[in-house]
Amino acid sequence: MASGPGLQSRPGLSSMYAMIEDTLRSLEARIQSPTLDPDTRASLQALVEQLKTEIDKLEDAEQAESVVAHTAAGAREALRSEKDDDLLSHTLEGMQKSVRRFEASFPDLTKVVNSICQQLSNLGI
């Protein structure tokens, strides 16, 4: 994957960029499984390449930062031993809004991710 200008240049996102790279490497390794038929393997490989291209296009990573921050806050609230239902609800609403904005800002990236998820789901992964 080429260095995405938005993700690598933002200090707060370096760990997210590393996680994305690790996830892509893992996915690419799994795609090489001999149990996949050649057409499915080729389709998934093409989608991963599209995903890399879309990630590299991210120049304004603020939307990604927002999704990550809201997701972390939502997980933190959901895992608290003493839950505050109002705070959890508010946090989850913020996460949903953030994801919708991300989808609107990066429709091609969202489409590729959804396609990969659908194919993996169809394979039972």
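Which residues does Ser98 touch, not counting residues up to four places away in sequence? Ser98 touches Gln63, Ser66, Val67 and His70, where contact means heavy atoms within 4.5 Å. The model is predicted, with local features needing pLDDT of at least 70 and side-chain atom pairs counting only at pLDDT 80 or more, while totals for chains, interfaces and linings use all residues. Residues are numbered from 1 along each chain as its sequence is written, and side-chain values use heavy atoms, with hydrogens and water left out.

**Overall architecture**

The chain contains 6 helices and 0 strands, and its pattern along the sequence is α-α-α-α-α-α. Helices (H or I, at least four residues) and strands (E, at least two) are DSSP runs, numbered from the N terminus. Of the 125 residues, 32% count as buried; buried means under 20% relative accessible area, exposed over 50%, and partly exposed in between, with a 1.4 Å probe and protein chains only. Among contacts between residues at least 6 apart in sequence, 64% join residues at least 24 apart.

**Helix pairs**

Two packed helices are described by the angle between their axes and the distance between the axes. Axes are lines fitted to C-alpha atoms, for helices over the stretch in contact, and angles run from 0 to 180 degrees between N-to-C directions.

| Pair | Angle | Axis separation |
|---|---|---|
| α3 and α6 | about 155° | 9 Å |
| α4 and α5 | roughly 155° | within 8 Å |
| α5 and α6 | about 105° | 5 Å |

Angles under 35 degrees count as roughly parallel, over 145 as roughly antiparallel, 65 to 115 as roughly perpendicular and the rest as oblique.

**α4 against α5**

At their angle of roughly 155°, α4 and α5 are therefore roughly antiparallel to each other. Their crossing is left-handed, a term used if the near helix is turned anticlockwise from the far one by less than a right angle (right-handed if clockwise). Residues of α4 in this contact include Gln63, Ser66, Val67 and His70, and those of α5 include Ser98, Val99, Arg101 and Phe102. By class, the contact has 9 nonpolar, 9 polar and 2 charged residues. In this classification Ala, Val, Leu, Ile, Met, Phe, Trp, Tyr, Cys and Pro count as nonpolar, Asp, Glu, Lys and Arg as charged, and the others, Gly among them, as polar.

Ser98 lies in helix α5, residues 85–105. Ser98 counts as buried because its relative accessibility is 0%. The C-alpha atoms of Ser98 and His70, which are 28 residues apart along the chain, are separated by 7.4 Å.

**α5 against α6**

With an angle of about 105°, α5 and α6 are therefore roughly perpendicular to each other. Phe102, Glu103, Ala104 and Ser105 of α5 meet Pro107, Leu109 and Thr110 of α6. This contact has 4 nonpolar, 2 polar and 1 charged residues.

**α3 against α6**

The axes of α3 and α6 lie 9 Å apart at an angle of about 155°, which means that α3 is roughly antiparallel to α6. The crossing of α3 with α6 is left-handed. Among the contacting residues are Leu47, Gln50, Leu51 and Ile55 of α3, and Leu109, Val112, Val113 and Ile116 of α6. The residues of this contact divide into 10 nonpolar, 5 polar and 2 charged.

Gln50 is part of helix α3, residues 38–56. Gln50 counts as partly exposed because its relative accessibility is 42%. Its C-alpha atom is 9.3 Å from that of Val113, 63 residues apart along the chain. Leu51, leaving aside its neighbours within four places in sequence, is in contact with Leu24, Leu109, Val112, Val113 and Ile116.

**The nonpolar core**

In soluble globular proteins, nonpolar side chains tend to be buried together. A nonpolar core is a set of buried Ala, Val, Leu, Ile, Met, Phe, Trp, Tyr and Cys residues joined through side-chain atoms within 4.5 Å. The largest such core here has 19 residues, and those with the most contacts inside it are Leu24, Leu27, Leu51, Ile55, Phe102, Leu109 and Ile116. The elements giving two or more residues to this core are α2 (14–31), α3, α4 (62–78) and α6 (107–122). Helix α3 gives the most, with 5 residues.
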